[in-house]
Amino acid sequence: MSSYAAFYRQSIDERDAFWAEQARRIDWHTPPQTICDYSNPPFARWFAGGTTNLCHNAVDRHLAARAQQNALVAISTETDTERAYTYAELHAEVQRMAAVLQALGVRQGDRVLLYMPMIAEAAFAMLACARIGAIHSVVFGGFASGSLASRIEDAEPLVVVSADAGSRGGKVVPYKPLLDEAIELSRHKPAAVLMVDRGLAGAAMRAGRDHDWAALRAQHLDAQVPCTWVDATHPSYTLYTSGTTGRPKGVQRDTGGYAVALAASMRHIFQADPGDTYLCTSDIGWVVGHSYIIYGPLIAGMTTIMYEGLPIRPDAGIWWSIVEKYRVTHMFSAPTAVRVLKKQDPAYLSKYKLSSLKALWLAGEPLDEPTAQWIGSALGVPIIDNYWQTETGWPILTLCNGVEPQAARLGSPGKAVFGYNVKLIDEATGAELTAPNQKGVVAIEGPLPPGCLQTVWRDDERFVNTYWKSIPGRLIYSTFDWGIRDADGYYFILGRTDDVINVAGHRLGTREIEECIASHPNVAEVAVVGVADALKGQVALAFAVPKNAAGLEAPEARLRLEGEVMKLVDARLGAVARPARVHFVSALPKTRSGKVLRRALQAVAERRDPGDLTTMEDPAALAQVKALVTE
């Protein structure tokens, strides 16, 4: 294709021909009979009639050409361990895990729940499930028992794979007591629990139910477990995502469509070649970890790095030391992590040779301009934002430089990715907004491209009602995010539709105010929420982390800084966007994956119950907010 615009148009206008071509990027046992069956909207069946296997495409097919190349490198700064596995060694370990799971009774279609830290055995378990046609459901390690119990109940796993403990910042987090309590709370009881003993916390084993991984592995050292060829539409995994209300939703992903989408993304988005090295700093408990720690890089024949630890431990140079040692070519992280590094000594960035790095991709939180400019200048490589969701499994908006080099635009995650028929929709009327710089709901016309969710696990009705019926008068997938699109096709995300502030009839995106406040020289990080107000309907409330807290102990100093911030907003956005208050805090409440808990901030500010906080990293951060707003 001569240009990305033509490539994109082909993916929409000649959908089946386009995806038939992309399907050649993976191995099929039986070729697909139908590229896209969309006879029952909004349910799409991609590559129906074809059979394939995710594990085969991630591991086995590379053995002929790269058996001795590193496939997986597991690094833990928590336990000071580092181990590389070649494709041949990964193949052997996955077969051992698959044999153990089969010995515990797991068959095609059975569910296996993983409650694991970032260790190699977690990757073995995911790939082993894919190998034998089981459906894995990874739950973020360290989730509280109640949250884990609800996922066990919904997934109904035959087996749970876990470890004695995880570790974060040098603090051991025992998993087994949490898991035991969750199983007690759950109405569904797994038949078996497979435990990886890391020697961190010990684990009381329950006779008849609990099994030691090392002991069973030793019985299957020479295991030969062939790949089970499954229908392209066979579920590969479920992954739970919290909504604004109700129980967590089990996002259900297929097999063939997911493999094709990831293979296409590795080529067209990431420009990845076999033998390249990929460092994604996410966790396998999140969708980024599924797609771009485990499956995507391995499908592309790359070396993928799993990292357990913090970005500043033992020091703020740890990630860059990994880049140098393993000659990392592709790095994927989050703006939150970069903002953490921004507070550290810049000497750590110049200490290591980073010439292998081609680009840094960022996602998860909106990427503010000061952060993008800082890290871009420091690394000297393209900083590429991207926007997507647990539900989609791979980027909706970014730059596809593997098709045509495109310039990043600060504040924008990029353009619509091939296969995604992205629209901006008027929330009230359902009409499509086609003129530049009009604000609307970011939506996707069906069918969703390969790799996106098939449905909500065991709840087709919830899938339809949640995602496809929120916009009046049309069946269209809503991302629940506001956005605008400029004249060149670059999108700008303005925040969740439920995070928009309506101040005296003026609708303001929290992102716009946050960007403005973040530009103040003494603001490291900020979150803005809308809080109910008797006079104006809502007012904006800002919570900011100062870069330099020294000298802010005195109330006068804090008021002075607050005044400066408000004047800045007045000047940039107008008085209507000025926050009612700017509270200065030592940390923002976040999930363990680094997302700011804006709904919890809003609830506390409105004296409401913040609800389920099991994903929160540091409860003290929210307690500080509560004390401030009460005061």
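How does the lining of the second largest cavity divide by class? It has nine nonpolar, two polar and one charged residues, where Ala, Val, Leu, Ile, Met, Phe, Trp, Tyr, Cys and Pro count as nonpolar, Asp, Glu, Lys and Arg as charged, and the others, Gly among them, as polar. This is a predicted model, in which local features need pLDDT of at least 70 and side-chain atom pairs count only at pLDDT 80 or more, while totals for chains, interfaces and linings use all residues. Residues are numbered from 1 along each chain as its sequence is written, and side-chain values use heavy atoms, with hydrogens and water left out.

To see that lining, select Pro-42, Ala-44, Trp-46, Asp-254, Leu-448, Pro-449, Pro-450, Gly-451, Cys-452, Leu-453, Gln-454 and Phe-463. A cavity here is a set of points on a 1 Å grid over the protein atoms alone where a 1.4 Å probe fits but cannot get out, and lining residues have an atom within 4 Å of a point. The volume, about 90 Å³ for this cavity, is the space filled by probe spheres set on the points, which are joined across faces, edges and corners.

Helix 17 gives the most, with four residues, and the lining as a whole divides into five nonpolar, no polar and eight charged.

Now turn to the open sheet of eight strands, whose order is 12-11-8-6-7-14-15-25, with mixed pairing; two strands pair if DSSP finds at least two bridges between them. Strand 12 (210-212) and strand 25 (455-456) stand at the edges with a single partner strand each, so one side of each is left without a neighbour in the sheet. Within the sheet, select strand 8 (residues 159-163) and strand 11 (residues 192-196), which pair in the parallel sense over five bridges, and find Val-160 with its bridge partner in strand 11, Val-193.

Finally, select Glu-93 and Arg-96, three residues apart in helix 5 (residues 87-103). Their side chains meet in a salt bridge at 3.2 Å, N to O, the term requiring a side-chain nitrogen of Lys or Arg within 4 Å of a carboxyl oxygen of Asp or Glu.

Note on methods: Helix = DSSP H or I, 4+ residues; strand = E, 2+ residues; numbered from the N terminus. 1 Å grid on protein atoms, 1.4 Å probe; cavity = no way out; pocket = protein on both sides within 12 Å on 5 of 7 lines; lining within 4 Å.
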